[in-house]
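Dear colleague,

Please find below the structure for your study, followed by an account of what was found in it. Kindly keep the structure open while you read.

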Amino acid sequence: MTWKELLKRLFTNRLSLFGFIIVLIFAIVAIAAPWIAPPADPDNPYLIPRRGWQTRPTPPSQEALFGTTEGSYDIFYGMVWGTRTAFRIGLTVVFFGSLIGVSIGTIAAFYGGKVDELLMRITDVFMSIPFLVAAMVLTTILGRGLDNVMLALITFGWMGTARLTRSQVLEIKNEEFVQAAEALGANDFRIILRHVLINSIYPVLIQGCMRIGSMVITASALSFLGVGAPEGYADWGQMISFARNWIVGTSGNPLEFWYTIIFPGTAILFFSLSWNLIGDAFRDILDPKLQ
């Protein structure tokens, strides 16, 4: 299937089209962030401005469209610039994690033997460690910060891709066109790049789309637990963290502070949903067993 055919089928699939529309909306918000929510400090635009110094959240108003959180942080500003943070985390972590996983899985499957055994046992060791706990511990050791969060997620987020790539390459490397390339004298690098990877990359693309949303959820969880983005940084998980003391509202009005959790929670939900819909569409189109 050519890329043109793939894109045509993606855009004629209702679910994937809905996912693309949501991602496009988030992308427009991320690109237009400086105009939608002009930064108070141009040198540090990701720092959420404060609309006072109150501990108690305040409801939406003309000054703060989505209200403010604990500490008077502007929710609207955090939501807009948090879109950039979400794209940065999701795309960076998935790209580098997939790059590591594809490299290890391809080398292990292509050469086999002791190389395969060594690389897969290393992969098993990493997989035996609970992902969220490992990311939390490494982030704590490295120090609080978005770059350290991404490094932790990359370090413990490549194993699934490695195993998936290995299974695909094990099937592809025995095909006749690969054997023909070997008989013609092509070197290993050319065979892997031109014949093996290009025919085994589609499942990795499907997995990568679905992992973008999950990586953003994990990074938000780390921020909520206090080991992710620094305080005041435009991050959806941080916005929910500011709402932790106000989620249940007051005794007379349990939904009094609904805006502190609904806006960032909805953003995380739709961002993750959109990438999962695109990944599902990729799977439906590319998996011959479903056709």
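**Aromatic pairs, core and helix packing**

Trp 258 has a relative accessible area of 39%, so this residue is partly exposed (buried means under 20% relative accessible area, exposed over 50% and partly exposed in between, with a 1.4 Å probe and protein chains only). Tyr 259, with a relative accessible area of 2%, is buried.

Please note that the model is predicted: local features need pLDDT of at least 70, side-chain atom pairs count only at pLDDT 80 or more, and totals for chains, interfaces and linings use all residues. Residues are numbered from 1 along each chain as its sequence is written, and side-chain values use heavy atoms, with hydrogens and water left out.

Trp 258 and Tyr 259 also form an edge-to-face aromatic pair, 5.7 Å centre to centre with 85 degrees between the planes. Rings of Phe, Tyr and Trp (its six-membered ring) pair if their centres lie within 6.5 Å; planes under 30 degrees apart count as stacked, over 60 as edge-to-face and the rest as tilted. By this rule there are 18 aromatic pairs. In one of them, Tyr 46 and Tyr 233, the ring centres are 5.4 Å apart and the planes lie at 5 degrees, so the pair is stacked. This pair links distant parts of the chain, 187 residues apart: Tyr 46 is in the loop between helix H3 (33–36) and H4, and Tyr 233 is in the loop between H11 and H12. Helices (H or I, at least four residues) are DSSP runs, numbered from the N terminus. Both Tyr 46 and Tyr 233 are buried.

One aromatic cluster is formed by Phe 26, Phe 87, Trp 236, Phe 271 and Trp 275. Trp 236 and Phe 271 are also among the residues with the most contacts inside the largest nonpolar core, which has 54 residues. Such a core is a set of buried Ala, Val, Leu, Ile, Met, Phe, Trp, Tyr and Cys residues joined through side-chain atoms within 4.5 Å. H4 gives the most to this core, with 11 residues.

Which helix crosses H4 at roughly 145 degrees? Helix H5 (residues 113–127) does, and the two axes come within 7 Å (axes are lines fitted to C-alpha atoms, for helices over the stretch in contact, and angles run from 0 to 180 degrees between N-to-C directions; contact means heavy atoms within 4.5 Å). Among the residues that make this contact are Ile 104 and Tyr 111 of H4, and Leu 119 and Met 120 of H5.

Yours sincerely

How values were computed
Helix = DSSP H or I, 4+ residues; strand = E, 2+ residues; numbered from the N terminus.
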